[in-house]
Amino acid sequence: GSGKYIGGTGLGSSSFGLYANNSFYAAAEREFNQSLAAGQTFQMTLGYTANINGNIGLTLFNASEDLINIDFASGESNWRLWDGDSNLALSAAYNPNNPLSFSFTYNGGNSYSYTFAEVSQTRSSINDISSIIGFRVYNNAQGAGENFGFDNIAVIPKPTTVAYLGASCLSILGLK
């Protein structure tokens, strides 16, 4: 009734996929090598097929609790964001079989910025989000023959690290 696979999904291409028939649940999670540092960005692409009878989503967590959740639930018209308070309706609407880009930047303290579909916002969580160590993608009873796909997963270093690496490469090239 539920499972994980690599193949065609709601992203329209070969990607990681989860399926969960009615009353079943499937999830995939991964921890980062270390907690997200201020300035680092976590990103991925999501996609889903036409019907959602339960809910699908993405959660960022620390060692003991879920901290940030973005999901789409049956009966809703838009995705929702939860960051420890109440659910915030996002302007990203129901749009099956189309890739949705998600990025989350930890700004330090309880501040974060996210982009989901065409929506970008900076917020403060009521939770302490300084120790985000991983993510979970889940499919809770989406329905028979449906799936939730995800791909292009990355943690991007903070811009100063990228600039430092670029300068280091240029200096090495200069030595040659």
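This is a predicted model: local features need pLDDT of at least 70, side-chain atom pairs count only at pLDDT 80 or more; totals for chains, interfaces and linings use all residues.
**View 1. The largest pocket and its lining.** The space inside this pocket comes to about 310 Å³. Its lining is made up of 15 residues, and those nearest the centre are Arg30, Glu31, Phe32, Phe135 and Ile153. Two elements, β3 (25-31) and β13 (148-156), each give two or more residues to that lining. If you sort the lining by class, you get nine nonpolar residues, plus three polar and three charged ones.

View 2. Arginine 80 sits in strand β7, which covers residues 78-82. Is this arginine buried or exposed? Arginine 80 counts as buried because its relative accessibility is 18%, and the cut-off for buried is under 20%. Its side chain makes a polar contact of 2.7 Å with the side chain of aspartate 71. Setting aside neighbours within four places in sequence, arginine 80 also has Asn69, Ile70, Ala73, Asn87, Leu88 and Leu90 among its contacts.

**View 3. Threonine 41 paired with threonine 105.** Look for threonine 41 in strand β4 (residues 41-48). With 15% relative accessibility, threonine 41 falls in the buried class. Which side chain does threonine 41 join through a polar contact of 2.7 Å? That partner is the side chain of threonine 105. Beyond four places in sequence, the contacts of threonine 41 include Ser103 and Phe104 as well as Thr105. Ala154, Val155 and Ile156 are also in contact with threonine 41.

Key
Residues are numbered from 1 along each chain as its sequence is written. Side-chain values use heavy atoms; hydrogens and water are left out. On a 1 Å grid over the protein atoms alone, a cavity is a set of points where a 1.4 Å probe fits but cannot get out, and a pocket is an open set with protein on both sides within 12 Å along at least five of seven lines; lining residues have an atom within 4 Å of a point. Grid points are joined across faces, edges and corners, and a volume is the space filled by probe spheres set on the points. Helices (H or I, at least four residues) and strands (E, at least two) are DSSP runs, numbered from the N terminus. Ala, Val, Leu, Ile, Met, Phe, Trp, Tyr, Cys and Pro count as nonpolar, Asp, Glu, Lys and Arg as charged, and the others, Gly among them, as polar. Buried means under 20% relative accessible area, exposed over 50%, partly exposed in between (1.4 Å probe, protein chains only). A polar contact is a pair of N or O atoms within 3.5 Å; within protein, one must be able to donate a hydrogen and the other to accept it, and residues adjacent in sequence count only if both atoms are side-chain atoms. Contact means heavy atoms within 4.5 Å.
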